[in-house]
Amino acid sequence: MISLDDVEHAARALAGRIHRTPLLASGALADELHSNVLFKAELLQRTGSFKVRGALNRLAELTVEERARGVITISAGNHAQAVAWAAREEGLDALVVSWRGADELKMASTRAYGATVDQDAEDPTSAFERLADLQNETGRTLVHPFDDAAVIAGQGTVGLEILEDGPVPDVVVVPVGGGGLISGIATAIKARRPDARVIGVEPELSSALHDALAAGTPVHVTPRSAADALSAPFLGERPFEICTALGVESVLVSEDELAAAFRWLYTRMKLACELGAAASTASLLAGKVRIEAGQNVVAVVSGGNVASRQAAAILAAA
């Protein structure tokens with residue numbers, strides 16, 4: 001378990017190094033839900049997603065010996081780019097383990113930031129096995145994409161900004177992959193607003209949080225959603241403990257609901273997000289989250305690294 005102190009420490013470590021992303025209001029959705037709806041636009045963050053918060057905070061903890069050996073991570077794209085950028089900023093060598101078929105745009109950006117990318121694995125599950133082998137061979141320090149206290153604390157700074165920059169939230173809706181973002185946000189939000197609801201949203205075809213909460217322990221899933229940013233094959237142990245202790249809720253959305261939310265954010269909010277980042281909005285548009293009149297609702301739009309071909313296909317399908 002991490003604490004609010006850990007998140008506040010991360011905020012100090014990140015000060016001046018990342019963007020303070022805006023909270024954007026939607027009058028149309030506010031009228032529909034009879035509530036005050038805001039979007040936390042993390043797609044405008046450095047490297048195009050919230051992931052840089054956790055990556056920078058983790059690298060800040062490295063010892064001199066760890067810095068000399070370099071770092072290693074695993075990711076389909078957003079965390080890969082964040083670690084690559086953060087390592088370049090810190091003057092460190094970074095190795096990213098991914099898998100065949102990972103988003104080409106995100107992999108190209110990762111390489112452009114200076115990281116080496118290994119894509120020998122067939123899928124996310126085998127990539128985690130590859131990660132363990134390479135970490136043992138190289139002695140690099142792991143920067144885990146979601147199951148790491150410093151990474152979670154860094155992601156929790158999103159929650160701090162929500163609390164500081166807008167009205168006190170009653171409901172915070174968050175896209176979920178491996179659980180780092182929602183567990184960090186829940187830590188910050190619940191510490192200052194215990195009655196607030198924090199709700200994780202996942203695709204029906206990639207349901208690590210939902211299945212873990214149902215089973216009472218993290219379980220392996222086979223991600224099949226087009227929302228590649230939410231393709232974690234399991235929920236992290238730390239995120240599971242935090243989400244369970246803090247009463248985080250879970251809802252699922254369909255692929256069609258994700259696509260509809262993607263189009264809505266593009267046309268109504270002018271936010272060119274990636275498909276997974278639209279999950280929180282999808283839950284609101286589809287009525288999956290119970291909202292009471294007059295409540296303050298924040299939907300986190302977590303990233304904007306979308307391939308033009310995918311974006312064009314989703315928009316054309318309207």
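Me: What is the handedness of the crossing of α8 and α9?
Reply: In this predicted model, the axes of α8 and helix α9 (residues 180-192) come within 7 Å and cross at roughly 45 degrees. That angle makes α8 oblique to α9. The crossing of the two helices is right-handed.

Me: Into how many nonpolar, polar and charged residues does the contact of α8 with α9 divide?
Reply: On the α8 side the contact includes Ile 152, Leu 160, Ile 162 and Leu 163. On the α9 side, Leu 181, Ile 185, Ala 188 and Ile 189 are among the residues that take part. Glu 164 of α8 and Arg 192 of α9 also belong to the contact. By class, the residues divide into 9 nonpolar, 6 polar and 2 charged.

Me: Which strands of the sheet does helix α8 touch?
Reply: The sheet in question is open, has 6 strands in mixed pairing, and runs in the order β1-β2-β10-β7-β8-β9. Helix α8 (residues 149-165) packs on this sheet, and its direction makes about 135 degrees with that of β2. The strands touched by α8 are β1, β2, β7 and β10 (296-301).

Me: Which residue in β8 stands opposite Val 173?
Reply: Strand β7 (residues 171-175) pairs with strand β8 (residues 197-203) in the parallel sense. The pairing runs over 5 bridges. Opposite Val 173, β8 places Ile 199.

Me: At roughly what angle do the axes of α3 and α8 cross?
Reply: The axes of α3 and α8 come within 7 Å of each other. The two helices are therefore oblique to each other, and α3 passes α8 in a right-handed crossing. The angle is roughly 135 degrees.

Me: How many charged residues does the contact of α3 with α8 have?
Reply: From α3, the contact draws on Lys 51, Arg 53, Gly 54, Asn 57 and Arg 58. From α8, Glu 161 is one of the residues involved, and Gln 155 and Thr 157 are also among them. The contact has 4 nonpolar and 5 polar residues. The charged residues number 4.

Me: Which residue in β6 is the bridge partner of Val 71?
Reply: An open sheet of 4 strands has the order β5-β4-β3-β6, with parallel pairing. Strand β3 (residues 71-74) pairs with β6 over 2 bridges. The partner of Val 71 in β6 is Thr 141.

Me: Which helix packs on the sheet and touches β4 and β5?
Reply: In the sheet ordered β5-β4-β3-β6, β5 (116-121) and β6 (141-142) stand at the edges, each with a single partner strand, so one side of each lacks a neighbour. The packed helix touches β4 (94-99) and β5, and its direction makes about 140 degrees with that of β5. That helix is α6 (residues 104-112).

Me: How many residues apart are Phe 39 and Trp 264?
Reply: The structure holds 3 aromatic pairs. One of them is Phe 39 with Trp 264, a tilted pair at 5.8 Å centre to centre with 40 degrees between the planes. Phe 39 lies in strand β2 (residues 36-41) and Trp 264 in helix α12 (residues 255-268), so named parts that are distant in the chain are linked by this pair. The separation is 225 residues.

Definitions and conventions:
Residues numbered from 1 in each chain as written. Predicted model: local features only at pLDDT ≥ 70, side-chain atom pairs only at ≥ 80, totals over all residues. Heavy atoms only, no water. Pairing = 2+ DSSP bridges. Contact = heavy atoms within 4.5 Å. Axes fitted to C-alpha atoms, helices over the stretch in contact; angles between N-to-C directions. Phe/Tyr/Trp six-rings, centres within 6.5 Å; stacked < 30°, edge-to-face > 60°. Parallel < 35°, antiparallel > 145°, perpendicular 65-115°, else oblique. Left-handed = near helix turned anticlockwise from the far one by under 90°. Nonpolar A, V, L, I, M, F, W, Y, C, P; charged D, E, K, R; others polar.
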